[in-house]
Amino acid sequence: MTFKPTKYTLKCCETGREFNDGKWTLNDPECDKPSLIRAVYENREFRVREDLGGFYRYADWLPIKRTLDNSCPPVTYKSEGLAAYLGLDNLYITFSGYFPKIGARMETCSFKETEAYSVCARLDESNDKILVVASAGNTARAFAKVCSDNNIPLLISIPEDNTSALWFKKPLNDCVKIIAAPKGSDYFDAIALSDIVCKSPRFMAEGGAKNIARRDGMGTTLLSAVECIGRIPDAYFQAIGSGTGTIAVWENNLRLIEDGRFGTHKMRLYPSQNDPFLIMYDSWKAGSRELLPLSAEDARRYAAVIEAKVLSNRKPPYSLAGGVFDALSDTHGNIYKVNNSEIDYWKSKFLELEGIDIYSAAAVAVCSLDMAVKDKSVRKDEVIMLNITGGGEAFVKENHEVCYAKPDLVLDPSLPDDEIVSKVEELFRK
């Protein structure tokens, strides 16, 4: 069956202007203020594409030109163990990871696969540029897996301290190359490297939160939940590094309201951060739309301390139109903070109650739900969605052999730009 590209236009969150998408539009060229753009789909009704496999069952609300091989969707189920422990009647867990018992089979064990399968499917097959993705770990693994499986040229930029995240069930295709910022660097340093590389016309930036395909891919977590529950949840919990996933489910919530068949309410958003990396938490609690100052030195120090290292983005899409601040304000949400000892407790407790290991970031979300129950932000009878953004890695490694990818180059972002570009271009000539 030939896939027909999804039809949509783009809308600027700041001005409301609608316009057509180009090949890789990341912002509105006519808007002079920081703003996200949003996809407006021709099909305004939420429809599951039973004719398409895996993740692409949600293709009608994905800005894609094709489908790719080996995808899996998030899986939502009604909790029994954790729900009983917390005293909740209607707790639904949306699980993105590897948990065969419930049908979840994301090989990289992270919901970052939802981003990768959407972003890479937004690329036209005739694209001749090399996609560049900066990551703190899980995103790198997801994009590497998807691009390797589908022969899509990819450059990953990652902090060298996070390369332990680059494990795979099989060696990567040569179309995927990896560069790393030196030890002691953080995610922002990896972004700086990727920005330098993208000065070369051979490369193209993936775009991060500005890429509608990334956000709408992540937004499939809510579509999975609504498909299972039959309605929009009342409250939503997720740990955040950039907050892009929280923005994504807010956007799909608005689309579902427009559909009208699943409720007309906005679910309250409750994202959470790992203490002491609290740039969004601190800014929100201060009532500030602008991010409070965080020096590069402090950011690196905090990133080294936190257990959930993927939650260490010091330049998140918080302040701009359509960003995290707007999402929380529009839904009367709140942000929680969770420390490392609480993470360890909830990783162990989730394994005990639900039967699968989860990542530290997911444990941050579980802990925040416990906090919300205790401070009465949620009621026991409300429909609650808990987004478990990664899990099953221990299960995979117990049952499968894995291999680790190493950086092809370690590059200091302070090197001359032309030297960095030249060295990286050479990787793709080998």
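A disulfide is a pair of cysteine sulfur atoms within 2.5 Å. The exercises below apply to a predicted model.

**Exercise 1. Cysteine pairs**

Task: Find how many disulfides the structure holds, and explain why cysteine 147 is in none.

Solution: 
- Start with the count. The structure holds 0 disulfides.
- Take cysteine 13. Cysteine 13 is in no disulfide, and the nearest cysteine sulfur, in cysteine 12, lies 6.6 Å away.
- Check the exposure of cysteine 13. Its relative accessible area is 27%, so cysteine 13 is partly exposed.
- Turn to cysteine 147. The closest cysteine sulfur belongs to cysteine 120, at 3.6 Å. The cut-off is 2.5 Å, so this pair is too far apart for a bond.

**Exercise 2. The largest pocket**

Task: Give the volume of the largest pocket, the residues closest to its centre and the element that gives the most to its lining.

Solution: 
- Volume first. The largest pocket has about 890 Å³.
- Next, the centre. The lining has 48 residues, and the closest to the centre are Tyr187, Gly208, Ala209, Arg214 and Asn313.
- Now the elements. Those that supply at least two lining residues each include strand 8 (130-134), helix 3 (138-150), helix 5 (212-218) and helix 12 (360-374). Helix 4 (187-197) is also one of them.
- Pick the main contributor. Helix 4 gives the most, with 5 residues.
- Finish with the classes. The lining has 23 nonpolar, 18 polar and 7 charged residues.

**Exercise 3. The second largest pocket**

Task: State the volume of the second largest pocket and divide its lining by class.

Solution: 
- The second largest pocket holds about 420 Å³ of space.
- Its lining has 21 residues; Asn138, Ala165, Glu307, Val310 and Tyr359 are the closest to the centre.
- Two or more lining residues come from each of helix 3, helix 12 and helix 13 (393-399).
- The class division is 8 nonpolar, 5 polar and 8 charged.

**Exercise 4. The cavity**

Task: Count the cavities of 30 Å³ or more, then say which element gives the most to the lining of the largest cavity.

Solution: 
- The count is 1 cavity of 30 Å³ or more.
- The largest cavity has a volume of about 110 Å³.
- List part of the lining. Glu107, Arg141, Lys145, Asp149, Trp167 and Phe168 are among the lining residues.
- Helix 3 and strand 10 (167-168) are the elements that give two or more residues.
- Helix 3 gives the most, with 4 residues.
- By class, the lining has 4 nonpolar, 2 polar and 6 charged residues.

**Exercise 5. Backbone geometry**

Task: Locate the cis peptide bond between aspartate 275 and proline 276. Then decide whether cysteine 109 is buried or exposed, and do so for asparagine 151.

Solution: 
- The bond that joins aspartate 275 and proline 276 is cis, with omega about 15°.
- Proline 276 sits in the loop between strand 14 (268-274) and helix 8 (279-285).
- Cysteine 109 is not a glycine, yet its phi is positive, near 70°. Its loop runs between strand 7 (104-105) and helix 2 (112-122).
- Cysteine 109 has 0% relative accessibility, so it counts as buried.
- Asparagine 151 is not a glycine either, and its phi is positive at about 55°. Asparagine 151 lies in the loop between helix 3 and strand 9 (154-159).
- The relative accessibility of asparagine 151 is 53%, so it counts as exposed.

Methods. Residues numbered from 1 in each chain as written. Predicted model: local features only at pLDDT ≥ 70, side-chain atom pairs only at ≥ 80, totals over all residues. Heavy atoms only, no water. 1 Å grid on protein atoms, 1.4 Å probe; cavity = no way out; pocket = protein on both sides within 12 Å on 5 of 7 lines; lining within 4 Å. Points joined across faces, edges and corners; volume = space filled by probe spheres on them. Nonpolar A, V, L, I, M, F, W, Y, C, P; charged D, E, K, R; others polar. Buried < 20%, exposed > 50% of the residue type's maximum accessible area, 1.4 Å probe, protein only.
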